[in-house]
Amino acid sequence: MLNMIDHGVRTDAPTLLIAHGLYGSARNWGVIARRLADTRRVVAVDLRNHGMSDWKDTHSYADLAADLAEICEALDGPVDVLGHSMGGKAAMTLAMTQPALVNRLIVADIAPVAYGHSQLKYLDAMRRVDLSRIEKRSDATALLEPLVDDPALVPFFLQSLDVAGRRWRLNLDVLADEMPQIMGFPDLHGSFERPALFLTGEASDYVQPEHREVIKSLFPKARFTALKGAGHWLHAEEPRAFVDVVRGWLER
């Protein structure tokens with residue numbers, strides 16, 4: 001089963017399950033999870049091939065959804081599910097294929113469509129870091145910074161570096177091989193008839209106006225909200241606003 005980080009205690013409110021994006025981890029969501037855990041149990045997971053979860057040979061959305069379903073069952077679902085980017089696609093796949101496990105759905109800055117841009121450049125940057133030269137985290141920072149076009153992403157990536165073990169807690173080889181599936185989205189039929197919130201960053205280009213038609217076809221009760229000034233990593237850029245919107249939605 002996936003590695004979980006548990007926050008808060010179970011209450012009358014449904015448990016909230018959080019699924020991170022590509023190259024992320026449950027730890028990335030600690031601040032958000034702790035703030036939301038004052039009224040409900042919040043469980044953040046490491047998806048397969050990330051963090052402390054097992055490394056597998058495949059990384060399809062069917063795989064990710066099946067992994068999340070196992071967690072939902074262990075949590076005596078249905079649960080509320082929040083997924084960002086890749087985790088949002090996994091959450092949507094779960095909701096579409098096993099709707100009985102999902103109470104409400106929150107999708108952060110992603111649409112149920114295939115994307116043309118690849119995230120391989122960041123994977124290649126991590127591969128190019130000579131881990132034999134790493135003695136402390138600042139060593140890794142100095143080696144990775146010249147290889148990454150957005151300085152704000154360097155500390156995010158380094159959260160997945162095991163400095164003592166001189167290894168990435170990311171299955172870089174499988175993620176590279178599976179990148180076409182990660183950037184794509186499965187051909188799903190039917191619809192998820194429970195409430196769904198699509199929360200986007202105002203400055204992000206991941207969810208376009210033309211995506212709303214396909215979103216509404218799969219999630220007819222979808223509602224849309226944008227965080228002012230936020231980009232794709234909206235939960236990290238505007239954590240207070242993110243928590244306020246998610247809390248308001250969950251407590252409606």
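Is Arg252 buried or exposed? Here is a short note on that residue and on the charged side chains of this predicted model.

1. Arg252 is exposed, at a relative accessible area of 71%. (Buried means under 20% relative accessible area, exposed over 50%, and partly exposed in between, with a 1.4 Å probe and protein chains only.)

2. The structure holds 13 salt bridges, a salt bridge being a side-chain nitrogen of Lys or Arg within 4 Å of a carboxyl oxygen of Asp or Glu. One of them joins Arg40 to Asp80, with the closest N and O atoms 3.6 Å apart. Arg40 sits in the loop between helix 1 (30-36) and strand 3 (42-45) and Asp80 in strand 4 (residues 79-84), so the pair ties together parts that are 40 residues apart in sequence. (Helices, H or I of at least four residues, and strands, E of at least two, are DSSP runs numbered from the N terminus.)

3. Arg40 is buried at 4% relative accessibility, and Asp80 is buried too, at 0%. A network of salt bridges links Arg40, Asp80 and Arg104.

4. Asp149 pairs with Lys121 in a salt bridge whose closest N and O atoms are 2.8 Å apart. Asp149 is exposed at 52%, while Lys121 is partly exposed at 46%.

5. A word on reading the model: residues are numbered from 1 along each chain as its sequence is written, and side-chain values use heavy atoms, leaving out hydrogens and water. Because the model is predicted, local features need pLDDT of at least 70 and side-chain atom pairs count only at pLDDT 80 or more, whereas totals for chains, interfaces and linings use all residues.
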